[in-house]
Amino acid sequence: MQKDSIPLANRLEEVYGTDPSYLGEQHARYTALHSRFVDLYGCQPEFIVRSPGRVNLIGEHIDYMGYGVLPMAIKQDTVIAVARGGDKLRLNNMASAHAEQDFSLDPAQEVDRDNHSWGNYVVCAYKGVHEHLARAGQPAPPLFGLQLLVEGRVPQGSGLSSSAALVCAASLAVLAVHGIAVSKHEVAQFAAECEKYVGTQSGGMDQAISIMGQAGVAKLISFNPVRAEDVRLPDGAMFVIANSLTVSKKAVSADFQYNMRVTECRLAAVALALACGVSPVEAGQRKLLAEVEEVVAAAAGGDAAAGVDKLLHDGGYFKAELEELLGVPLEQLLNEHQLRCVALAEKSTGLWLQKRARHVFREAARVPQFRAICHAPDLGTEAKLASLGALMDASQASCRDDFVCSSTNLDRLVAACKAAGALGSRLTGAGWGGCTVSLVREADACSFVAAVTHAYYDDPEQCEAAAGEREAHGGSLDHVIFTSRPSSGGAILDIATLGLGA
Ligand code: NG1
């Protein structure tokens, strides 16, 4: 098998490692999935596929501006059993809250953006596979009915990429059942593009790490074209993920949160290019801040963030000012979806170009610094941990103050993590709720978790939702605050060798 092929695993150990108790848990999970599949559809699944969530260690809200990011895959994943059958795209979910959903087999079907449902992400993947094959000049696969059963363990709305885990797993399910071999790079690329059908203008980080993740190493993911480089985390470093327990519904709130940030960054790129003397025609084509960094830096002695402060004003920009500045109607620059953000911004505080661009340039610089510290041959462990922690703290301050994507609960949780001894702590993923990631010494991980639990989760004034979570999980918060190591990426599992249903 080529290095870039999607792995075909014969045994659960290849995906989940060798810890007997965790393997036992996974075996029980896969067995339950298999047996429910047989009950529902009256046949055996042909394949089981899986793809994980991720935690981003550094590099927030910069992937869609063309910059590299540094995430690692986590062990929580989405697993799908799949077989041919029927005359529809038929979806079921192991979670009883999710009723069966049926979709047509037409790859050109529209995704119903206004009715958000988990099934939409599967339709995105289905469309994505067909579009990818058409673009690659390959023959269209036959349209036969598909029966899927999904089981997701990545917490939703938590910044750990449950949506990418589902889109990637669904892509692998469709590919596997058609017997189509596609490289990891290709899946990462089309899975990122097709997720846009749900209405978020996302970058490609989540899909890339979900597919290219690897046990034991974090990855520096770069774009255009997408690629992944191993980053070995220092010995003795441990990352603790803690959920603020406020849900961030990215697809629902896209127009005034995530997509608005993408719009602000895009307009900042054009405005900066014009301010640097780039011709209006060329400036209008600059969509990424990465494409203008060089000219902006040149305007301020090599420091792009300082260039931003010099060339853009603080506070909100409104449509009239933007159109005068850019010299064209906004319609010419932004597609319909992004104009929905502009319309919303008009009603409130406008679009904040300076702060957003400043964040992007500073955050983008922290990513190669993080990698360089991890790999520095002459730096001792303690010095590495301290420097990585400082970068994470700086990232949090920038997300909170310039990108304004933190939240009251995230700020409180970060403060609790720092007070409990985190070397660095920050929100991870899109923000506006969801999880934090903290760097601690491995030896301190247990006492750290206990201290954060006491300070944040056990205090109803800090976190109201924790008591309910405890009650629903037999008193445990293990699913809410946990340590995490780099885990393996997407895989297809060979049903014949897994020993299920025996
Ligand atoms: P999460 O938090 O998983 O929704 C989102 C984007 C990423 C990236 C981060 C912010 C999607 C699918 N993912 O992640 O591409 O932009 O926000 O760094 O939209």
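Predicted model: local features only at pLDDT ≥ 70, side-chain atom pairs only at ≥ 80, totals over all residues.

Me: OK, which domains is the protein chain divided into?

Reply: There are domain 1 (8–233 + 486–497), domain 2 (235–250 + 405–485) and domain 3 (258–400), with bounds that come from an automatic or database domain assignment.

Me: And how many residues of domain 2 are in contact with domain 3?

Reply: On the domain 2 side 21 residues are in contact with 16 residues of domain 3, where contact means heavy atoms within 4.5 Å. The C-alpha centres of domain 2 and domain 3 lie 29 Å apart.

Me: Switching to α7, how many of its residues are buried?

Reply: Of the 18 residues of α7, 16 are buried, so this helix is largely enclosed by the rest of the structure; buried means under 20% relative accessible area, computed with a 1.4 Å probe on protein chains only. Helices here are DSSP runs (H or I, at least four residues), and strands are E runs of at least two, numbered from the N terminus.

Me: At what angle do α7 and α13 cross?

Reply: The axes of α7 (residues 258–275) and α13 (residues 336–347) cross at roughly 95° and come within 9 Å, with axes being lines fitted to C-alpha atoms over the stretch in contact and angles running from 0 to 180 degrees between N-to-C directions. That makes α7 roughly perpendicular to α13, a term that covers 65 to 115 degrees. Among the residues making the contact are Met260 and Arg266 of α7 and His337 and Leu344 of α13.

Me: What comes just after α7?

Reply: Gly277 is found there, and takes a positive phi of about 90°.

Me: What does Ser162 touch?

Reply: Leaving aside residues up to four places away in sequence, Ser162 touches Val154, Pro155, Gln156 and Gly157. The C-alpha atoms of Ser162 and Thr78 are separated by 7.8 Å, although these residues are 84 residues apart along the chain.

Note on methods:
Residues numbered from 1 in each chain as written. Heavy atoms only, no water. Parallel < 35°, antiparallel > 145°, perpendicular 65-115°, else oblique. Buried < 20%, exposed > 50% of the residue type's maximum accessible area, 1.4 Å probe, protein only.
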